[in-house]
Amino acid sequence: MNLYASFMRVLEHYIIPFAGKIGNQRHIIAMRDGFISAMPFLIIGSMMLIMANPPFDSQTSSSFGQVWLSFAKTHWDTITMPYFMTMGLMSIFVSAGTAYSLAKSYGLDGLTSALLSLMAFLLAAAPQIENKIALDFLGGTGVFTSLICAIWSVELTRLLKKYNITIRMPTQVPPAIARSFELLYPVIGILLTVYPASLLLQSEFNLLIPAAIMQMFQPLISVSDTLPAIMLTLFIANLLWFAGIHGANIVTGLMTPIFIANLATNATLTAQGIAPTQILTDPYWSFYVCIGGSGSTLVLAILYLRSRSMHLRTIGKLSVVPVMFNINEPLLFGSPIVMNPALFIPLLVVPLVNAVLSYSALHLDFVHKMVAISPWTTPAPLGAMISAAWDYRSAVLVIILIIIDLFIWYPFFKIYEKQLVNEESKQQENTESIEVKTRSQP
């Protein structure tokens, strides 16, 4: 008990305040919003990529598979065009969305800030070569650059406005025109900072800014795609959940650029007919590691439905449908799992077991790696199969993980259930005792 009390003190005095600051940090929120705004384009692009790459071998005996393969080969350019205009340009959407969100948090104009960010990013990532714009870094490989350009363009605008370095128009001028003139100095600022940096890197090192940034972040991306890094990330996320903080928002807010960069790498390799290489992606996290939401609580909601505890049965009925779609806040706070020592160990252990087993399966190529993105609210077996280009083995892996999760959650569920049943029995006895005394009084 002393150990638990010490642990809770550390959580309350150090971890919770620090995590709260990170979770409310405006730049992290802006990055998260930027990726959310890009998500519809990524989903559509993923679907088109899967359509262009049928999950059948060229020697398949399936007539449906042969028809699909023939159609994809004949109409490859037509099918893949939406992919190149969505996932292939994902950094453009991320840059504009991030800048818009960050600008709104400062009270700046969101539209003009998004346009300024887009200009900065294109100057850095898509120079004109022989009257053509280079597209190599407008996809996933330009994600980090797009975020940096979005933050820099908004912060530059904020600084110029803070020190009144702006063009003020008479009040009679329409607001839209006035805003466009206010943007002149920030545009000049971008031209004097981002553009010279791009030209210098090109002339001295024959590199574009995104290539240089990717070289800087490559060690981080490589390390993050390892099992120890994934386990550490999971441990932190679920430890924060136990403390009552939305750990997934904080951790995935920081990890999303890596998720998207890895997924884009896999998608690009798939489009080139090469086997994907990266494991740590958003679908991997959503459909293998966190089945039913943070803590992988799908099986717990099912166990609650047949519980002897009235409280847990009620929570199970309320939460089982949302949990099937990976929304488990009602379960986490209603059980509660948050701040509940009886359920602390499985909250940490179950996602770690899922991570180890699924990582091993993907690393050994027992299951196809994720190349597409489907909405995180998709039920896990279906979402995994879609994201793995319709590899049925992905759904089988999810089902195996669910069964294993059941065996881990069950004994802790029974311990907690017994506690609640005893409490409910005592409460019922007290209620009946009071009723008897009330009836016996004249």
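Where is serine 374 found? In this model, which is a predicted one, serine 374 sits in the loop that runs between α17 (344-363) and α18 (380-387).

Okay, so is that serine buried or exposed? Serine 374 comes out at 4% relative accessibility, so we call it buried, the cut-off for that being under 20%.

Now, who does it talk to? If you skip the neighbours within four places in sequence, serine 374 is in contact with Phe287, Gly383, Ile386 and Ser387. Two of those partners come with polar distances. The side chains of serine 374 and serine 387 are joined by a polar contact of 3.3 Å. And a polar atom of the serine 374 side chain lies 3.5 Å from the backbone oxygen of glycine 383.

Have a look at α7, residues 143-162, and α9, residues 184-205: they pack with their axes 10 Å apart, at an angle of about 125°. That angle makes α7 oblique to α9. As for the hand, the crossing of α7 past α9 is right-handed.

Which residues meet there? From α7 you've got Trp152, Ser153, Leu156, Thr157 and Leu160. Sort the contact by class and you get seven nonpolar residues, four polar ones and no charged ones.

Definitions and conventions:
Residues numbered from 1 in each chain as written. Predicted model: local features only at pLDDT ≥ 70, side-chain atom pairs only at ≥ 80, totals over all residues. Heavy atoms only, no water. Helix = DSSP H or I, 4+ residues; strand = E, 2+ residues; numbered from the N terminus. Buried < 20%, exposed > 50% of the residue type's maximum accessible area, 1.4 Å probe, protein only. Polar contact = N/O pair within 3.5 Å; in protein donor to acceptor, adjacent residues only side chain to side chain. Contact = heavy atoms within 4.5 Å. Axes fitted to C-alpha atoms, helices over the stretch in contact; angles between N-to-C directions. Parallel < 35°, antiparallel > 145°, perpendicular 65-115°, else oblique. Left-handed = near helix turned anticlockwise from the far one by under 90°. Nonpolar A, V, L, I, M, F, W, Y, C, P; charged D, E, K, R; others polar.
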